[in-house]
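Reader: I am new to reading models. Please take me through one part closely, starting with a helix.

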Amino acid sequence: MAEAHQAVAFQFTITPEGMDLQLSYQALNQICQSGLRSWKKRCSRMRNRVIKGVYPASPSSWLFVVIAILATMYMRSDPSMGLIEKIQQHLPLSLHATLSAQGQTMLSALLFSTILWLSLILTLRFCLKLLLSYHRWMFELHGRVSNTTKVWVTLLRLLSGRKPMLYSYQTSLPHLPVPAIKDTLTRYLESVRPLLTEPGYERMAALATQFEANLGNRLQRYLKLKALWATNYVSDWWEEYIYLRGRGPIMVNSNYYGMDFLYVTPTSIQAARAGNTITALLLYRRKVNREELKPSRVPGTVIPLCAAQCERMFNTTRTPGEETDVLQHWQDSEFVAVYHKGRFFRLWVYSAGRLLCPREIEYQIQRILDDPSPPQPGEEKLGALTAGERMPWSQTRKCYFNSGVNKRSLDLIERAAFFVTLDDEEQGMMGDDPAGNLDRYAKSLLHGRCYDRWFDKSFSIVIYKNGKNGLNAEHSWADAPTVAHLWEFTLATDAFQLGYTEDEHCKGDIDRSLPHPQRLAWDIPAEVQAQVASSLAVAQSLADDVDCHVFPFREFGKGRIKKLRISPDAFIQLSLQLAYYRDRGGFCLTYEASMTRLFREGRTETVRSCSNESCTFVKAVEAGEGAERCGQLFRQAAEKHQNLYRLAMTGDGIDRHLFCLYVVSKYLGVDSPFLKEVLSEPWRLSTSQTPVQQMELFDLKNHPEFISLGGGFGPVADDGYGVSYIIVGEDMINFHVSSKHSCTNTDSHRFGAQVSRALQDVLALLNSAPKTSSSSRGPGQSKKIL
C-alpha cells in the first residue's frame with residue numbers, strides 16, 4: 001500500500017457528519033521536501049548570478065570599497081571630490097526629515113561606494129574583454145614569445161586570479177569578428193586551387209571577383225550590422241539553417257555517438273551499470289546547475305572558452321515543426337525516460353527532495369527489466385517517428401499528440417532529464433571477432449534498431465545487456481566537445497568514484513518503499529501506426545546503408561609524434577590526405593571541425609585541410625622522392641595546416657563567413673552564382689578530433705586499460721568518408737570511419753587500412769629524414785609561458 005499512498009497526497013470521503021479528510025503524511029512530506037529542494041536551487045541560482053555578475057571582482061570587494069571610503073572620510077578627506085555632498089543634496093525629502101545630518105552623509109557615502117564599486121567592476125570586465133580579444137600569442141613561434149605577449153599573460157593572470165564559476169567569463173568574452181570580405185575570398189580561392197583545373201580555377205576566380213565588386217560589399221554591410229547587434233553573428237543562423245531547418249532524418253545524418261571504455265566493462269550487470277551511469281550524469285547536471293564546473297580553457301593555458309552550450313545539456317528536446325524544428329529546454333526535471341522491450345517508463349530519480357543513490361536506481365531499473373507486461377498496440381516502434389523525415393513527424397505530432405493521454409506521455413519523454421535505452425543486445429570488443437564487434441557496436445549507437453532510441457532528446461544513453469554503455473547525441477544544441485566533457489566525467493565517475501561492490505552491484509542502501517517506475521500510456525490509432533511504419537522504412541534504409549569501421553591504432557601515438565616536434569593533429573590530417581589519395585586516386589574538399597569558443601556563443605569553423613602544401617607533399621611521397629625532400633614538404637604542409645587552424649579558431653575562417661553572406665542574400669531575395677556554387681560543394685572527407693579534456697580524471701599510468709574509444713558520426717557526403725579520431729594517452733589513436741554501402745567507390749574497412757598504412761609510412765619517412773628544428777605545434781597547444 002505504500003506506493004498507493006505516495007501516488008496521491010490526500011483523499012477524502014463524504015460522511016453524514018461532514019467531510020472526512022484522510023491525509024498521507026508521507027506523501028505530503030515528499031511534496032514538502034521536493035519544494036524545499038526547488039527553493040534551494042532558486043536561491044543557489046540567485047547567489048550564482050550575483051557572484052558571476054561581479055566577476056572578476058567578488059561580492060566581498062564591495063565591503064572593502066565601503067570601508068576604504070568611510071576611512072578616508074574619517075580622516076577629513078573627501079575621496080569623491082564633492083560627489084558625496086551632491087548625492088546628499090538629491091536625497092528624497094522624506095530621508096532628510098527622518099535621518100540626521102550624519103546619517104544622510106553615511107547613506108550618501110554608501111551610495112557613492114556602490115556606484116564606484118560597480119564602475120570598477122565594469123572597468124575590470126572591459127579590460128578582461130580586451131585581453132581576451134588578443135590572439136597573436138597563438139601565431140608566435142615556440143620559444144620566441146614577444147614582450148607584448150608576456151605582458152598580456154601577466155595581466156590576464158592577474159584578472160583571472162579569483163576562482164571563476166562555470167559562466168563567470170561569459171560577459172567578458174569578445175564577440176566573433178566579421179572578416180574582411182577580400183581576405184575570405186583570397187583564402188577561399190587558395191583552398192580550392194589544388195582541386196580545380198586551370199580553366200575551372202580561372203572561372204571560380206572570375207566569379208569571386210565579380211561577387212566582391214558587386215553584391216559582396218552590400219551583403220557585408222548587413223553582416224557587420226548584425227555583428228554589432230547580435231551576440232554572435234553566426235551561431236543563431238548556423239543552429240537554425242544547418243540543423244533545425246533540415247527536413248531529412250537526423251538519425252545518422254546529424255546525430256553522433258560516444259562509446260564506452262575499450263578494454264574494461266566495470267560491471268556485467270545491466271541494471272547496475274545503468275544505476276551508476278544515471279547517477280554520474282545527474283551529478284554532472286548538479287555541477288552545471290550550481291556552476292561548480294571549472295570553465296573550459298585552451299589546454300595548458302588560462303584562456304577561457306565559452307560555456308554557453310552547457311545551458312541546454314539536460315531537460316532539452318528538439319521538437320519537429322513544419323518549416324523548422326524548435327529546441328525546447330526546461331529548467332529542471334526530477335525523472336528520466338526509459339525504454340525497454342517496446343515499453344516506455346518514467347523513472348523518478350529524486351525522492352523527498354534527495355537524489356536516489358546508485359543502488360536505488362539500480363533497484364528501480366531492475367524492476368523495469370523484470371516487468372513482464374507487453375507493449376501497448378503501436379507503442380514498440382513509436383520512436384521511429386524521431387528517426388524518419390521531420391515533416392511527417394511534425395504533422396503526426398500535431399494531429400495525434402496534442403491532447404489527451406498521448407500528449408501527457410510525450411510530454412514526459414520530452415521533459416525528462418535525458419533518455420535511457422535498456423538494450424537487450426550485447427556489444428563491445430568481445431568474442432572471436434573483436435574488430436567486427438566494434439563495428440557493430442558503432443552502428444548500434446549510431447542508429448540502433450531505428451526505433452529504440454529517442455533521437456530528438458539532447459542525448460540518449462544506451463545500456464547493453466552485458467553492461468556496456470554508450471550515448472547518442474542530437475547535434476543542434478551543442479557540438480561534440482561539450483558532450484565529450486560530459487561523457488568523460490560520466491565514465492570516470494562511474495568507474496573510479498561511485499564504483500561497485502564485489503558482486504558487481506552498485507553501492508548504497510535501498511528504500512524498498514520507492515514507487516514503481518511508471519508505465520507511459522498511449523492511444524495509437526491505425527493512422528499513426530502506418531506513419532510509424534513509413535518512418536521506420538525510411539530510417540531502416542538509411543541505417544542499412546551505413547558502413548562503420550572502428551579500429552584502435554596501437555603502433556604509436558602522440559608520444560612519438562611529439563618527439564619529432566610535429567603537431568599530432570597535423571600529422572594525422574596529412575596522413576588522412578595521403579590515405580585518401582591512395583584510396584581514390586585524387587584529392588577532395590576536406591572538412592576538419594575547429595572550435596570558435598574563444599568568442600561568446602562560438603561554435604565551430606571549418607579547417608580546409610586539403611591545401612596546396614598538403615597536395616605537394618602527398619604527390620612527392622607517391623612519386624618516390626627522397627626522404628629529405630618529403631620531410632621538408634611535410635613540415636611546410638604541417639605548418640600551413642596549423643596556421644589554417646589558428647585562423648579558424650581566431651575568427652578568420654572561410655566557411656562560416658560565406659555561409660552568413662549566403663543567408664543575407666536569401667533574406668534580400670538576390671542570387672549569387674558564386675555563393676550558390678560555394679555552398680553546394682560536397683565535403684567528401686569530413687573529419688573531427690574528439691578532444692580529451694579531463695585527463696586528471698583518468699590514471700592511465702596505473703590503469704592503462706581504462707582507455708576511451710571516443711565516438712563517431714555518419715558520412716557527410718553519399719560518396720565520401722566521415723572520420724573521427726581520439727588521441728588517447730601517448731601510444732594509441734582510435735579511429736571511427738563511416739561511409740555508405742551504396743557508393744561503390746568507398747569502403748570503410750579499406751580506407752581504415754589505408755589510414756593505418758599512411759600513418760606508419762609518414763612516421764618512417766620523418767624518422768629517415770634529416771632532423772630539423774620545427775616550430776609546429778598543435779592547435780591551441782600552449783607554450784610554457786602560458
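Author: Start with helix H14, residues 404-415. It has 12 residues and reaches 17 Å from its first C-alpha to its last. That is close to the 16 Å expected at 1.5 Å a residue, where the expected span is 1.5 Å times one less than the number of residues. Helices (H or I, at least four residues) and strands (E, at least two) are DSSP runs, numbered from the N terminus.

A word on the source. This is a predicted model, in which local features need pLDDT of at least 70 and side-chain atom pairs count only at pLDDT 80 or more, while totals for chains, interfaces and linings use all residues. Residues are numbered from 1 along each chain as its sequence is written, and side-chain values use heavy atoms, leaving out hydrogens and water.

Back to H14. Its buried residues are Asn-406, Ser-409, Leu-410, Leu-412, Ile-413 and Glu-414. Buried means under 20% relative accessible area, exposed over 50%, and partly exposed in between (1.4 Å probe, protein chains only).

Now the rings. The whole structure holds 37 aromatic pairs. Rings of Phe, Tyr and Trp (its six-membered ring) pair if their centres lie within 6.5 Å; planes under 30 degrees apart count as stacked, over 60 as edge-to-face and the rest as tilted. Take Trp-238 and Phe-659. Their pair is edge-to-face, at 5.2 Å centre to centre with 85 degrees between the planes. The pair links distant parts of the chain: Trp-238 is in helix H10 (residues 235-244), Phe-659 in helix H22 (residues 655-668), 421 residues apart. Both Trp-238 and Phe-659 are buried.

Next come Phe-344 and Trp-522. Their ring centres are 5.7 Å apart and their planes are at 65 degrees, so this pair is edge-to-face. It also links distant parts of the chain, 178 residues apart. Phe-344 is in strand S7 (residues 343-348), and Trp-522 is in the loop between strand S13 (518-519) and helix H17 (526-545). Phe-344 and Trp-522 are buried. Ring pairs also join them to a cluster with Tyr-339, Trp-393, Phe-401, Phe-419 and Trp-454.

Charges meet rings too. Arg-193 lies over the face of Tyr-201, 4.6 Å from the ring centre. The charged end of Lys-226 sits over the ring of Trp-237, at 3.5 Å from its centre. A charge sits over a ring if NZ of Lys or CZ of Arg is within 6 Å of the ring centre and within 35 degrees of the ring normal.
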